[in-house]
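My notes follow in the order in which I looked things up.

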Amino acid sequence: MKERVQKFGRFLSAMVMPNIGAFIAWGLIAALFIEAGWFPNATIAKMVGPMLSYLLPILIAYTGGRAVGGQKGAVTGALAALGAIASTESTMFIGAMICGPLGGWCIKKFDEKMEGHIPAGFEMVVNNFSVGIIGGILAILSIFAIGPTCVVLTDWLGQGVGWLVAHGLLPLTAVLVEPAKVLFLNNAINHGVFTPIGTEQVEALRAAGEVGKSILYMIESNPGPGLGLLLAYCVAGKGETRSSAGAAALIHFVGGIHEIYFPYVLMNPIVILGPMLGNVCGIFTLSMLGGGLSGPASPGSIIAEMLMTPKGAYFANIAGIAVAGAVSFAISVFLLKFFGKDANLAEAQAQVAASKAASKGQSVNADAPTGADVDIKAVKKIVFACDAGMGSSAMGATMLRNKLKDAGITDIEVIHHPVSEIPGDCQIVVTHHELAHRAVASNPRARVIPIQNFMGAPEYDALVKELLAARKGASAPAPAAAPKAAEVPAPSGAILLEKKNIVLGCKPVTPEEAIKACGKRMVESGYCTEGYVQGMIERNAGFPVAIGSHVAIPHGTNESRAFIQKTGLVVMTYPEGIVWGEDEELVRLVIGIASQGEEHLDILNRIVEVCETEEDTDALVDTATVEELYKKLNGLS
């Protein structure tokens, strides 16, 4: 149940969070330039209404549609949302959250039904018309059904919030919000629920000629409760927790990084009562004094809170933050002194990292974990894992397999898999360091070896030496053929790399442009649809597909494999090189991959052989012809 709630929460917040900058821009423009703002300007203020009515809902729908159905889903979802917007004068945030994913789902299902049935050369026509027709139908449906339904739902939610305010019960929302933060549901609650309703309240107040502000923006973002807890640790904490809490308090309060205090809660779960009751008192203070923000504060720092505070609300907001911090501090000190227990901060931080990774469905920016300890002598299966299990992991598996063979170790099976599907019977997992947390979660009993790149990683040689050392003094294993699952596939007879898809001497471009160039040829060759190209871009955004040795192998995410129509590759050389990713790795050979099965592995294995080092790749790029690459990579020479 918890995982389902987290997944739903992630999906809600994932539609709003990428666009929070637009919400902040709207809030700042409104606070500064409307008639009641700091610097009234009628011309600039004209943007406030269209931003609220059109820009923000369409951005939300576009983002939700793209998450479900790629670029086509994004456009379809935006079209559907436009119908909901046109059906009413109310702001259609909830409608956008429905229409966006609905549009993405509809276009995704259409593509699945049409897969393999579109005549060659008509892909683009079908893609464009399907988006237009399905989007138009959903827009009409939204005018008559989704929009009016959302108006009723929004009215109910608004009345519910109004009832809580009128009866003085709004502070009780903190009882749910503070524990939800530690479960990383804070963004889902804040940006999925409070931000849309708060925005409705702000606009209604401005329409009535009053100062546009909403207390809902401060329920989750108030930095006071977390500040009080961390200051309590400075006074009543012990050892490492006491010495580290001061810096954590500064980062939390000024930087707005609320996650930094979560480990301090997990060490002593009872102290959650401090921030919880502190926030209750803070919200009560804000309600009594008329506090609130003109737009969402993201991140929840004191700086963001003050920037989004409208005229006349500074005293109330500062008081709300101060009261929340003071109450949280007092209660937390009491709990730590009488009920606190010694705890390991590092273990709590690791627990937070695991929770955050699970809540986001991805890795976190922390030191890569190494998983469980294993008996190195008992290793029989090594798995290379990447996001899709299609490209980089296959090449890495080939490299390690060859090194083990050269070292005379033939009794270990080396295979590749998506990081989410690591077999339970493997003892060692090798993966990119950014995927290490997901690897541990997928198979906590295996030892995880994080690497920076899949070509020529020094960890390969270190692992081979470790395996050899473990075998010294033990009975030598009987000679055995490599396991069938680990054998290099023999050429299938099908030509997976066509001459028309070998492009030499390309001019330098950005990594995304290089991926799109590969994807365009894949679509034109009937290997995939546009959805897979979007998956390639998203895969590279997760972490770069540059794998070392001046090679990049763009391929889609595991989810985007549904858009593959048949297996095929595209090879493009960039003699002047492309600077790829944050690590600024140089790439001169780009190999786009679309594969439904294992047919492409023989070509990847040959690439490993001819591009083992940077010098090998450079020589290939500088001297090879289309004919030579065609024969060499297809196993014809």
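**Entry 1: helix 13 and helix 15**

I started with helix 13 (residues 273-289) and helix 15, which pack at an angle of about 155°, their axes 7 Å apart. I keep in mind that this is a predicted model. Angles over 145 degrees count as roughly antiparallel. Helix 13 and helix 15 are therefore roughly antiparallel to each other. I looked up the hand of the crossing of helix 13 and helix 15 as well, and it is right-handed.

Next I listed who meets whom. From helix 13 I noted residues including L273, G274, P275, L277 and G278. Their partners in helix 15 include F315, A316, N317, A319 and G320. By class, I found 14 nonpolar and 9 polar residues in the contact of helix 13 with helix 15, and no charged ones.

**Entry 2: helix 10 and helix 15**

I stayed with helix 15 (residues 314-339) and turned to helix 10 (residues 224-236). They pack at an angle of about 35°, and their axes lie 7 Å apart. The crossing of helix 10 and helix 15 is right-handed. On the helix 10 side, I wrote down G224, P225, G228 and L229 among the contact residues. On the helix 15 side, I321, A324, G325 and S328 are among them. The classes here are 12 nonpolar, 5 polar and 1 charged.

**Entry 3: helix 4 and helix 5**

I moved to helix 4 (residues 48-86) and helix 5 (residues 93-114). Their packing angle is about 25°, with the axes 9 Å apart. Angles under 35 degrees count as roughly parallel. Helix 4 and helix 5 are therefore roughly parallel to each other. Their crossing is right-handed. I counted the classes in this contact as 16 nonpolar, 9 polar and 3 charged residues.

**Entry 4: D373**

Where does D373 sit? I found D373 in the loop between helix 16 (345-360) and strand 1 (381-386). Is D373 buried or exposed? D373 is exposed, with a relative accessible area of 81%. I then checked D373 against R447: they are 74 residues apart in sequence, yet 5.9 Å apart in space, C-alpha to C-alpha.

**Entry 5: the whole chain**

The chain has 24 helices and 9 strands. Of its 637 residues, 51% are buried. Among contacts between residues at least 6 apart in sequence, 75% join residues at least 24 apart. The accessible surface comes to about 27700 Å², and 62% of it belongs to carbon and sulfur atoms.

Definitions and conventions: Residues are numbered from 1 along each chain as its sequence is written. This is a predicted model: local features need pLDDT of at least 70, side-chain atom pairs count only at pLDDT 80 or more; totals for chains, interfaces and linings use all residues. Side-chain values use heavy atoms; hydrogens and water are left out. Axes are lines fitted to C-alpha atoms, for helices over the stretch in contact, and angles run from 0 to 180 degrees between N-to-C directions. Helices (H or I, at least four residues) and strands (E, at least two) are DSSP runs, numbered from the N terminus. Angles under 35 degrees count as roughly parallel, over 145 as roughly antiparallel, 65 to 115 as roughly perpendicular and the rest as oblique. A crossing is left-handed if the near helix is turned anticlockwise from the far one by less than a right angle, and right-handed if clockwise. Ala, Val, Leu, Ile, Met, Phe, Trp, Tyr, Cys and Pro count as nonpolar, Asp, Glu, Lys and Arg as charged, and the others, Gly among them, as polar. Buried means under 20% relative accessible area, exposed over 50%, partly exposed in between (1.4 Å probe, protein chains only). Contact means heavy atoms within 4.5 Å. Accessible areas come from the Shrake-Rupley method with a 1.4 Å probe; for residues, only the protein chains shown count as cover.
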